[in-house]
Amino acid sequence: ALCKGFFFCGQEPFVADEYIERLAWRTPGGGSRGGEAFDPKRLLEEFVNHIQELQVMDERIQRKVEKLEQQCQKEAKEFAKKVQELQKSNQVAFQHFQELDEHISYVATKVCHLGDQLEGVNTPRQRAVEAQKLMKYFNEFLDGELKSDVFTNSEKIKEAADIIQKLHLIAQELPFDSLMGFCCYPLFSPGKYHDLECQLIQEFTSAQRRGEISRMREVAAVLLHFKGYSHCVDVYIKQCQEGAFLRNDVFEDAAILCQRVNKQVGEIFSNPETVLAKLIQNIFEVKLQSYVKDQLEEHRKSDAEQYLKNLYDLYTRTTNLSSKLMEFNLGTDKQTFLSKLIKAIFISYLENYIEVEIGYLKSRSAMILQRYYDSKNHQKRSIGTGGIQDLKERLRQRTNLPLGPSIDTHGETFLSQEVVVNLLQETKQAFERCHRLSDPSDLPKNAFRIFSMLVEFLCTEHIDYALETGLAGIPSSDSKNANLYFLDVVHQANTIFHLFDKQFNDHLMPLISSSPKLSECLQKKKDIIEQMEVKLDMGIDTLNCMIGQMKHILAAEQKKTDFKPEDENNVLIQYTNACVKVCGYVRKQVEKIRNSMDGKNVDTVLMEFGVRFHRLIYEHLQQYSYSCMGGMLAICDVAEYRKCAKDFKITLVLQLFDTLHALCNLLVVAPDNLKQVCSGEQLANLDKNILHSFVQLRVDYRSARLARHFS
């Protein structure tokens, strides 16, 4: 119980205050328990006794510690002594090991020397034994009787072949003019040698037909030292192809055959990559070349379209086959090997490919266009358009914009989506063939030539011709009931050119993106766009026709009595019939312009149309005299014109009609308020002559009162 609080007892750290507190609590009269009287003498006596016990315990523990220390020192000395003894034993063992190693090295040297001596003795002995056997076989050949089992047993053809090969080499080394050479030559002449070769090859052929891979490997290993080894490979290649090309797809058959042989050839020949390469070469030079020639020569001179399709298809399938064969081991540079095989097949066709392509594309495009014009019963006219500068000069002068007299196109735009799709499809296929069949160094140049054909027939011969014809078909401004088909031409030309631009980006750009031809193509495209935009700008003369139509409507529908009615108190209409028809016509033309053009061209044309529309209405209103009620009706007309102007969505046009509406107020305002209205926000900046000209249109202008207020 006394040891519970000591740190060295292993229970918990020793705390003196807690230990004394527990001791006092256990002592009767210690004062820690409730209800007990504090007895200091008894507590002191308990403390003294406890201290004595602790001292006795301390002495006992100290003696035990000293005893353990002595024992530890003794064991440390014994351990150190044992370690020293082990170190001495280890040194002795290491010395013995070194001596043993030296002895082993000495014995090994002796053994090697003895082996060399034995080999030196055994090698001549083996050679002598082999020479003796050869002499024995040599005697049998001299006697003409082959008695040895190696020659009579067909199962030992491998051993016989080895013997014949050696005797053949010996016979070749003997001079023919010597007696021995003269005697041996008939025995080991090339005929005998080849007879055995033929037997081996026949055996290999039979084994191949039976599918005996092990026997084929054995015979091939024997023939490896004969001159006829290559003939053995040829026989193997020939037999592999028997029955392999029975389907119509020679390329698929070739791939299957090569895959099958690739798995087998390594088990038969010691050089499988050479044999497989020779098989592939044979397939390309015999089977594929013959097949390609048959397919192409049939259409080469008679049908360019089919010829180009076949050439593209055959070249693509050949390169795809080459990609499959790249998986096999064909030697070090299989890429070059296969490329040379492909080139050997197609070189005569690829040399003049682009000339055939351009010739076909030119004739095909011309036929597509001619077929279209024939379907329209249209004889295409020869139109000299001049250069871009000439077009710009015609646009600047604005004189005689159409090509001579107006042409009645009967509503035909001479643009066809079907024609465009056909031309673009032909060109797309030409680009694909060009990418596949052109040499990389010639690819940009060839692609540019195809692009030039597209420009000539699509842009020049079709779109440009339609624009020129449309310009020539624009009626004069004083024509009645004129049909404005030029906007339809613009709409279709715009759609077609988007398709042209898409093909330029999708199919031409990848072929020329990294070559100097890129800038040349971009410049050519820019010239085409600029030339077409100039002609579209020239077509702005269509607006004159629109204004002319509006003039006819106003002249036919507007009456003088509209603005000076006989009965001022009986006007029931909100605006005149001429206004209704003009606004209806304008809205249709605005919608047509928006549908025909895109981008900034829409705003440019609508602004020009809006300004001319305003000028027409302004000049039209100047032709009439206005009573008070007629002036109100004119204001209603202009308000309707202003609503129509909002459809233009052009700020300037709307401002012009706002000002015109304000001017019309001068027709009805009281004489006393004229100056106030003229100084208003919308009229203050106008020329006084313009204001005066509108005031003069009033029927009461001659009255002294009105003249006095306006002066």
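Here is a tour of a serine and then some salt bridges.

This is a predicted model, in which local features need pLDDT of at least 70 and side-chain atom pairs count only at pLDDT 80 or more, while totals for chains, interfaces and linings use all residues. Residues are numbered from 1 along each chain as its sequence is written, and side-chain values use heavy atoms, with hydrogens and water left out.

**Stop 1: the serine**

Select S693 and you'll land in helix 25, residues 688–695. (Helices are DSSP runs of H or I with at least four residues, numbered from the N terminus.) Is S693 buried or exposed? It counts as buried because its relative accessibility is 17%, and buried means under 20% relative accessible area, exposed over 50% and partly exposed in between, using a 1.4 Å probe and protein chains only.

Now show I690 as well: the side chain of S693 reaches the backbone oxygen of I690 at 2.6 Å. S693 is in contact with both, leaving aside its neighbours within four places in sequence; contact means heavy atoms within 4.5 Å.

**Stop 2: a buried pair**

Time for salt bridges, meaning a side-chain nitrogen of Lys or Arg within 4 Å of a carboxyl oxygen of Asp or Glu. How many are there by this rule? The count comes to 19.

Pick R433 and E357, whose salt bridge has its closest N and O atoms 2.8 Å apart. This pair links distant parts of the chain: R433 sits in helix 15 (residues 417–437) and E357 in helix 13 (residues 353–375), 76 residues apart. R433 counts as buried, because its relative accessibility is 5%. E357 is buried too, at 0%.

**Stop 3: K445 and D442**

Jump to K445 and D442, where the side chains meet in a salt bridge at 3.8 Å, N to O. K445 is partly exposed, with a relative accessible area of 43%, and D442 also counts as partly exposed, at 29% relative accessibility.

**Stop 4: D501 and K525**

Which residue forms a salt bridge with D501? Select K525: the closest N and O atoms of the two are 2.2 Å apart. Again, distant parts of the chain are linked, with D501 in helix 17 (residues 486–512) and K525 in helix 18 (residues 517–538), 24 residues apart. At 22% relative accessibility, D501 counts as partly exposed, whereas K525, at 13%, counts as buried.

Key. Helix = DSSP H or I, 4+ residues; strand = E, 2+ residues; numbered from the N terminus. Polar contact = N/O pair within 3.5 Å; in protein donor to acceptor, adjacent residues only side chain to side chain.
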